[in-house]
Amino acid sequence: MDKVVEVIDVSMNYHTLEGETEAIRKLNFDIMNGEFVSIVGPSGCGKSTLLSLISGILTPTSGKVLINGKKVEGPSASVGYMLQKDHLFEWRNIMKNITIGLEIQGKLNKENQEFVEQLLKEYGLYEFRNHYPRQLSGGMRQRVALIRTLATKPNILLLDEPFSALDYQTKIAISEEVWLILKKEKKTAILVTHDLAEAISMSDRIIVLTKRPAEIKSMHQINLSCDCKTPITCREAPEFRIYFNKIWKELDVHV
Amino acid sequence: MYDDINTNISEEYKKYLKSHRRKKSAIRISRIILLIFIFVLWEIAAQKEWIDPFIMSQPSRILETLITMGKDGSLFIHTGVTVYETIVGFVIGTILGTLIAIALWWSDFLASVLDPYLVVLNALPKTALGPIILVWIGGTTKSIIVMALLFSIVVTIINVYTSFRSCDEDKIKLLKTFGANKKQILRKVVLPSGITSIISTLKINVGLSLVGVIVGEFLVSKAGLGYLIIYGGQVFKMDLVMTSVIILAIVAAVLYLSVLWIEKRVLKMM
Ligand SMILES: Nc1ncnc2c1ncn2[C@@H]1O[C@H](COP(=O)(O)OP(=O)(O)OP(=O)(O)O)[C@@H](O)[C@H]1O
Ligand SMILES: [Mg+2]
């Protein structure tokens, strides 16, 4: 398998007048093509920062990130970034919300327009294309946000707690759906989450970070014995609990 | 699918709507009665000489003045001049103010440098600048428009800039993930999300521009409702003053309602 993302000796310090915050210290890891990797770690340890560095909207203080072997120097079309909230624009309808990335990248041509329409049809949102965000439920909005990210055809998807704003049931359903979509489209995905069960059920591998400044505490290859592997069936696998307890201990959450 | 309203309304809801409508029309009728009451009382007080109509004027004389002014056309000329100056000052003030706000948003450095100047300009009574403008520009319509502009522009800059600044950082971040440049961020998120506050500034501005125009007309004194008021005061024609003030009130109301109408239109378009 090929490496699509390489994080090499990456450190990140924030500078403000109040002082310097060391968010990430000398991080090293690779992500393989088609892999689904989750990143977990204590609150405020630098997970979002890490995704911003990979996406190129932040530049590391030292070290570098390679995407498909090329150094990241700014946002690129091959990386899609899905934020915690859907951030749909209330003044644009669903179609226009989805095509905003294409608009910005100057790629709003007929072919891409058709691609978007096909995505909308496939994921049950076509009838809503002329609706406005306020007319959609939370789960539907999150699906729109995913299609907006997919519209620019990225190979790598960065997901920063994309389900945390949803209620429990919707969250399970949408994460299942998103997982199926990503597998079907053969995307590489990096998911940041606070929900350990979600991480285990969706991922091929989990990276556990220490508290700030983030370093790698451990990595876990997830091998669950279940026949047809989707997040929901994975939760039933006998090994699920074992992984859960092991990583939970490592996260060292004091209540 | 999600936005269609329930069409089979219950009896209780119908009752609720009815009582709501009744209350609303009661308010409207009371308002009209109050207005009529004031004018009738005024007229009676003047006729019975409880008040001196020479100083206080009276509705029948105002009506007379209105009719003569309407006949010789001066009513329309003066009202037209004031409305024209207000609209020009208002439009230029809003556009220029918004452009300056964009410049400030674009450059944090510029915004920081100009901040204290804006604060002082905002606090300064603009009327004090009247004589200066009169000397610099001369006693023409131009200086009246500049007055109107001065009254509205600082508020516009401050309000619009503040709304730009309060644009959701995460929405900007979202555009950045697609590789948006500063101009695209401005066009696609900062302006559209600031549009509601730009429009609500319009409502303040139209009033402020009118204040500026009247102050300007007081100083320049050639035409307009402000001129009529000053002139009437000087020659002690209180009927003319009162008539002009009433027309001015109507002009102010019509301008405000027009802006309200535009606001509704624009918000609906979005
Ligand atoms: N723009 C910034 N300027 C200064 N400090 C920042 C900035 N962004 C983040 N930080 C700091 O860097 C650290 C890591 O932040 P980050 O948002 O990456 O954490 P996180 O792991 O995503 O947190 P959470 O789990 O709450 O989402 C925090 O201590 C935060 O205060
Ligand atoms: Mg975060």
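This is a predicted model: local features need pLDDT of at least 70, side-chain atom pairs count only at pLDDT 80 or more; totals for chains, interfaces and linings use all residues.
Where domain 1 of chain B is in contact with domain 2 of chain B, 5 residues of domain 1 are involved, together with 6 residues of domain 2. Between them the two domains bury about 470 Å², and 70% of that area is on carbon and sulfur atoms. If you look at the domain 1 side, the residues that lose the most area to domain 2 are B:F39, B:W42 and B:E43, which together account for 84% of what that side buries. As for specific pairings across this interface, the rule finds 0 salt bridges, while the count of residue pairs in polar contact, with both residues at pLDDT 80 or more, is 2.

Now let me turn to the contact between the two chains. Here chain A contributes 22 residues and chain B contributes 20 residues, and the area buried between the chains is about 2100 Å², of which 69% comes from carbon and sulfur atoms. Between chain A and chain B there is 1 salt bridge, and its partners are A:E103 and B:K188, whose closest N and O atoms are 2.6 Å apart. The rule also finds 3 residue pairs in polar contact across this interface, again with both residues at pLDDT 80 or more. On the side of chain A that touches chain B, the elements giving two or more residues are helix 3, residues 100-104, and helix 5, residues 138-150, and the largest share, 4 residues, comes from helix 3 of chain A.

Finally, I want to look at strand 3 of chain A, residues 36-40, which is mostly covered, with 5 of its 5 residues buried. From this strand A:F36, A:S38 and A:V40 point one way, whereas A:V37 and A:I39 point the other way, and all of them are buried. Which strands does strand 3 of chain A pair with? One is strand 8 of chain A, residues 188-192, in the parallel sense over 4 bridges, and there A:I39 has A:V192 as its bridge partner. Another is strand 9 of chain A, residues 205-209, also parallel and over 4 bridges, where A:V37 stands opposite A:R205.

Methods: Residues are numbered from 1 along each chain as its sequence is written. Chains are lettered from A and ligands numbered from 1 in the order in which they are written. Side-chain values use heavy atoms; hydrogens and water are left out. Buried means under 20% relative accessible area, exposed over 50%, partly exposed in between (1.4 Å probe, protein chains only). Two strands pair if DSSP finds at least two bridges between them. Contact means heavy atoms within 4.5 Å. Buried area is the accessible area (1.4 Å probe) that two parts lose on being put together, summed over both. A salt bridge is a side-chain nitrogen of Lys or Arg within 4 Å of a carboxyl oxygen of Asp or Glu. A polar contact is a pair of N or O atoms within 3.5 Å; within protein, one must be able to donate a hydrogen and the other to accept it, and residues adjacent in sequence count only if both atoms are side-chain atoms.
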